[in-house]
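Visitor: I am new to this protein and would like to be walked through its structure. Could we look at the picture together and take it one question at a time?

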Amino acid sequence: MDQTAFLAGFTIMSLGSLAIYATGKKTHPSGHHTLLHASVPFIAATAYLAMAFGIGTLIKPDGSAIYLARYVDWSITTPILLASVVLAAFHERGRTGEVGGYLTSIIVLDVLMIVTGLISSLAGAPVVKWVWFGWSCVAFVGVLYLLWGPLKALATSRGKALGDAYTKNVSFLTVVWFLYPIVFAVGPEGLKIITDSASVWAILVMDVVAKVVYAFYAASNLDKALTQHDEARDSFQ
């Protein structure tokens, strides 16, 4: 167990959550995005604190570690990130049932992706492990389809500024999220090409990028888009 990495994760995520809330806008129309993005690293900080104390850490017969707190973190934080993306795509113009439908479907696929990934890490037989890993990847493809298909079309229909901001934010998330299954596949839970310590540090870096760096990047893109959107709307009135 690399306690240094976990304590670093706790510190960075805690400070990141505070910084996101302190610098983010608190009023309409982007105030709820600040709340969503600030909560993500706070939850991650809690998970890193648990891992630092060894809480929820399982040691398999082969000596590899499975950090359950990490999966609990992902099962909560990734749906929050996706909820922010979905709300940005609709920009408060969708019907309740329509917004709820997309939120439900993308969050269900996302949570299934994480749960099946956990099952894969727990499986002992290689065939079973890679079957569940493959099924997790299928759920991930479903998430990507919704992000890049119907939701992107909805965002684009809200105007060029909002469509461009949505595309930039989803591109960022897609690139970072693609790295997670790669690290899983080559790490102790998969092919064991890299050590547990290397895997922990790699995931820490990806978590910081996906949960803290992305929050500032997404807020910047969205704020600029909303300003341009409002200016364009006012010019037609």
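Visitor: In which helix do Tyr71 and Trp74 both lie?

Guide: Please keep in mind throughout that this is a predicted model. Tyr71 and Trp74 are 3 residues apart, which is about one turn of the helix, and both of them are buried. The helix that holds the two, covering residues 68–90, is α3.

Visitor: Is the ring pair of Tyr71 and Trp74 stacked or edge-to-face?

Guide: A pair of aromatic rings is described by the distance of the centres and the angle of the planes. For Tyr71 and Trp74 the centres are 5.4 Å apart and the planes stand at 70 degrees. Planes over 60 degrees apart count as edge-to-face, so the pair of Tyr71 and Trp74 is edge-to-face.

Visitor: Is Ser84 buried or exposed?

Guide: Ser84 is found in helix α3, and its relative accessible area is 5%. Since residues under 20% count as buried, Ser84 is buried.

Visitor: Which side chain does Ser84 join through a polar contact of 2.8 Å?

Guide: Leaving aside neighbours within four places in sequence, Ser84 is in contact with residues that include Leu36 and His37. The side chain joined to that of Ser84 by the polar contact of 2.8 Å belongs to His33.

Visitor: Which element gives the largest share of the largest nonpolar core?

Guide: The largest nonpolar core has 60 residues, and among those with the most contacts inside it are Ile106, Leu147 and Trp177. The largest share of this core amounts to 11 residues, and the element that supplies them is α3.

Visitor: Which residues is Ile106 in contact with, leaving aside its neighbours within four places in sequence?

Guide: Ile106 is one of the residues with the most contacts inside the largest nonpolar core. With those sequence neighbours left aside, the residues in contact with Ile106 are Leu82, Val86, Val143, Leu146, Leu147 and Leu151.

Definitions and conventions. Residues are numbered from 1 along each chain as its sequence is written. This is a predicted model: local features need pLDDT of at least 70, side-chain atom pairs count only at pLDDT 80 or more; totals for chains, interfaces and linings use all residues. Side-chain values use heavy atoms; hydrogens and water are left out. Rings of Phe, Tyr and Trp (its six-membered ring) pair if their centres lie within 6.5 Å; planes under 30 degrees apart count as stacked, over 60 as edge-to-face and the rest as tilted. Helices (H or I, at least four residues) and strands (E, at least two) are DSSP runs, numbered from the N terminus. Buried means under 20% relative accessible area, exposed over 50%, partly exposed in between (1.4 Å probe, protein chains only). A polar contact is a pair of N or O atoms within 3.5 Å; within protein, one must be able to donate a hydrogen and the other to accept it, and residues adjacent in sequence count only if both atoms are side-chain atoms. Contact means heavy atoms within 4.5 Å. A nonpolar core is a set of buried Ala, Val, Leu, Ile, Met, Phe, Trp, Tyr and Cys residues joined through side-chain atoms within 4.5 Å.
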